Amino acid sequence: MNNSREASRGTGSARVRRRPTPGPRVPWWLAVFLIFAGGRIVTTVMLAILANNQAANAWTGAQPSLLDFSSLWDGRWYNIIAVSGYPSELPITAEGHVGESAWAFLPAYPAIVRGVMVIGSVPWNVAAVGVSLVFALAATLVFYKLLARVVPVQQALFAVVLFSIAPVSPLFQLAYAESMQLFLIAVALYLLMLRRYGWMIPVILVLSFTRPAALALALALGFHWIYRFGKRSRGRFPMRERVLVAVVAFIAAVGGLLWLVIAGVVTGVPDAYLSTELAWRSAYIGYQDLLPFMPWVLSSQWWLPGLWGYLALAGIVLVFIVFMLTPAVKKLGVDVRFWLASYGLYLIAVFFPQSSTFRLLAPLFPALGALAAPRSRVYRIVLVLVSLALQWGWLLICWRVDGYDWTPP
């Protein structure tokens, strides 16, 4: 494990030193916990209202319990994995294509939930929601510590507010793996800032079996290596660390591909994982091979055919680039920016934008540190109200089941 004495030098995020600012009047962890708890109370009220008005659907009867309502959609796939594991054969559609199956979902989260079910003798929905909540709280605590290294305390705390009430923050208490994923990403970024590269290895390996993100982390580590090598005249980058960062980046790259290999070996179909993932987007554009960066082009034409679709796509990319160049983002440090750029590239390279994209944007959560920068009280109140409104909209459109629903979360 790396305990470099150079942890306070080198990358911008590691060497930032700021004048002390007034902190919270309670311990930082208690302040973060109270903010997180407040966000969960608000979300619980929203979920309870929708559950009370939910009609019978493919997963539950009318007016399901809050826990059953919190375990819809992909939660059922995780339930199947926790109870029955993965099929040895892929389902094939009448047209001869690979259909939807559990292979699209990685095993770490359902394995932990299964352990809680066995040890605690509790049903799936209780264990799944409980595990999500624990990881969400842990992610929130690490997120604060990460930001507190590069921005003033009050800004970091307001970023935690935005994190806790974000449009997709209901995922923190739903039977999804996102809470675990965000926790692991936050820990990995925090370790990267501290230059504890060796400690990143177990985090990356678990992340590789939780949600797709390890390849993006490998790219961020590559950027980190290049940056430190380029700045070596002003901050030492000893050979030991050069090798260690390269090794960790390689492990992240391999980790990002491991599940593809495992799925292929178990099912006997080399592209089992990719074919299963592509089955979900077939409802929009039919069955097509995965070509890097093409999914967003295809999606732009599905949503807005013709010139307007291309212009919308170009506008989204341009807005992201401009945002990355803003002073508020630069103050988050180079490591956070490397992650934002890497995950953004990964997202646009492989994912097909539809309603699930809002959930897939969640790993960009460190950007909330930049949105929290303005100190205007009016700005912050408006941002909170907008976040709550978007959270309600996301639940209403994506989570609530409305007949034949084509807007999955």
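**View 1. Helix 2 and helix 7 packed together.** Helix 2 (residues 28-52) packs with helix 7 (residues 153-164) at an angle of about 25 degrees, and their axes sit 9 Å apart. That makes the two helices roughly parallel, a label for angles under 35 degrees. Helix 2 passes helix 7 in a right-handed crossing, meaning the near helix is turned clockwise from the far one by less than a right angle. Helices here are DSSP runs of H or I with at least four residues, numbered from the N terminus. This is a predicted model, where local features need pLDDT of at least 70, side-chain atom pairs count only at pLDDT 80 or more, and totals for chains, interfaces and linings use all residues. Residues are numbered from 1 along each chain as its sequence is written, and side-chain values use heavy atoms, leaving out hydrogens and water.

**View 2. A nonpolar patch on the surface.** Meet W302, W303, L304, L307, W308, Y310, L311 and W406, which together have about 940 Å² of accessible area (Shrake-Rupley method, 1.4 Å probe). To join a patch like this, residues need over 30% relative accessible area and no salt bridge, with nonpolar side chains linked within 5 Å. A salt bridge would be a Lys or Arg side-chain nitrogen within 4 Å of an Asp or Glu carboxyl oxygen. Helix 14 (307-324) gives the largest share, 4 residues. W303 belongs to helix 13 and is partly exposed at 41% relative accessibility, that is, between the buried limit (under 20%) and the exposed one (over 50%).

**View 3. R377 in helix 19.** R377 is part of helix 19 (residues 377-399). With 68% relative accessibility, R377 counts as exposed. The C-alpha atoms of R377 and Y176 are separated by 34 Å, and the two residues are 201 residues apart along the chain.

Technical notes: Buried < 20%, exposed > 50% of the residue type's maximum accessible area, 1.4 Å probe, protein only. Patch = residues over 30% accessible without salt bridge, like charges linked within 9 Å, V, L, I, M, F, W, Y side chains within 5 Å. Axes fitted to C-alpha atoms, helices over the stretch in contact; angles between N-to-C directions. Parallel < 35°, antiparallel > 145°, perpendicular 65-115°, else oblique.
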